[in-house]
Amino acid sequence: MRNNRSVQGITMNVILTVAILISIILTAFVFMSFGQQQNVSPSGQQDQQSVTAFRPTNYIVNDKDGIQNMVMHADNQQIKTMRSYLTSAEIKNPHKKKVSNTMIIAAISKKQAVVYRYPDVVPIDYFNARYNQHIAAIKNFNFDYFVLSLDKSNLAYFINTQTKTMVTVSLSKINTASMWAVAEKLPKSLTVNFKSLNNRVRLNFPKDIKLPVYSYLVNHRNPTTYVSALLGTTNQLTTTTDGNKVIYTNKFSDQQVTYDPDLDTVTFKDNKADGKLDKTYAARLNIGFSQINLLQLNLTDTRFYESRNAGKNVTYRTFVEGMPVYYQSESGAIHMTLDNHGNLISTYSLNELGVPVPNNQKEVTLPKSSDVLNRLRQAGVKESDYYFITPGYEWLVNKDSHAAVNMRPTWMIETASGWLSVDDYLKTRANQ
């Protein structure tokens, strides 16, 4: 009996050892394959996330006289009502053509219309996901403006101001009269129009801009959340340090997450050296967005902001009342870079806006666009020296509370080296 028990014990140990080895091998395979995932179009849960991340940043109402006003402080129900009209519509008969800047401005400025503005071009797939549409005939088309006529023409326009391409579509099954009645009641306080700058149609503010200062509590995400989601469990990791930085490495896949406490960021790096870079813009966006979706981040205040190099460099930003938020560190931003092998390096801010808190600061009045442009010209700045200027919010530390931040309106300028306030940019330029 003792020999039988001994044999049984040895047998059980062998079985357990084999099971553990198989488990380790399977786990390694799972995490090694993470960086080799194929790109997929948004679907299922990712559809729902894309509805949030890739929604329009601004809505502009063109009245019956052609005066254009940006919607400010609209409540969620008003936006949902507008969206419901569009989701019930049938969009068909797309017709694509090349257009001039003059033709683009004419389309965006149509009377009795609503303009959906995106800060950079997005694939039509994301519009389909948000508005329950199936515009397959222009599947690979990217756009940054959607103009919905609410007169009796039953037409709408998708516009790409980068490639100067416009797709005209016809509408049916939509009550434009009822939708216009809702659009007229949306709260509007900023007069806008459109001008050509750097050979591209841009949003223009013809009058001084009055914007409030906002204050928020700051939520700080735990970096280990990213480590476990992107790399795996503790027994699969090695931990090293580089100064103040903590580097977590998956022993099987060699993927890394670096936590930088000075910048309050985590950076995910896939060290796989093989693979190919996807050719389409939509596929490249989907690579990064699939990772965001895997993390299950709260994107209530975070939206797709811009891409460079045909989708190889992508930024998501925090938005306040349709205005982007900027900071000299990485707070409130997600940056993603694809290399030529299709590897993705992602930097995530650990800081996100929490609940708003009251402040006693007065509204800030910003100068109109032409005044800012004149100021740049007088300082010797050429149009070729920068990409874009835009009003936005600076993320400023609240001196009265380390747990809160103030969002102060300012004019921002984007150059090849990144974003700065116009004031800081001119100071830096003068000191060079």
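User: Why is Arg429 called partly exposed?
Analyst: In this predicted model, Arg429 has 29% relative accessibility. Buried would need under 20% and exposed over 50%, so a value in between is called partly exposed.

User: What makes Arg429 and Asp385 a salt bridge?
Analyst: Their closest N and O atoms are 3.9 Å apart. The cut-off is within 4 Å, so the pair counts. Arg429 sits in helix α10 and Asp385 in the loop between α9 and β23, so the bridge ties together parts 44 residues apart in sequence.

User: And is Asp385 buried, exposed or partly exposed, and how do you know?
Analyst: Asp385 comes out partly exposed, because its relative accessible area is 30%, and the class runs between the 20% and 50% limits.

User: How do you know that Arg375 pairs with Asp423?
Analyst: Here the closest N and O atoms are 2.8 Å apart, and anything within 4 Å passes. This pair also links distant parts of the chain: Arg375 belongs to helix α9, Asp423 to helix α10, and they are 48 residues apart.

User: What class do Arg375 and Asp423 fall into?
Analyst: Arg375, at 38%, is partly exposed. Asp423, at 34%, gets that label too.

User: Why does Lys92 with Glu90 count as a salt bridge?
Analyst: The closest N and O atoms of Lys92 and Glu90 are 3.4 Å apart, and the limit is 4 Å, so they qualify. Lys92 is partly exposed at 36%, and Glu90 is partly exposed at 29%.

User: Which residues are linked in a network with Lys92?
Analyst: Glu90 and Lys173 are linked with Lys92 in a network of salt bridges. The structure holds 8 salt bridges.

Key. Residues numbered from 1 in each chain as written. Predicted model: local features only at pLDDT ≥ 70, side-chain atom pairs only at ≥ 80, totals over all residues. Heavy atoms only, no water. Salt bridge = Lys/Arg side-chain N within 4 Å of Asp/Glu carboxyl O. Buried < 20%, exposed > 50% of the residue type's maximum accessible area, 1.4 Å probe, protein only. Helix = DSSP H or I, 4+ residues; strand = E, 2+ residues; numbered from the N terminus.
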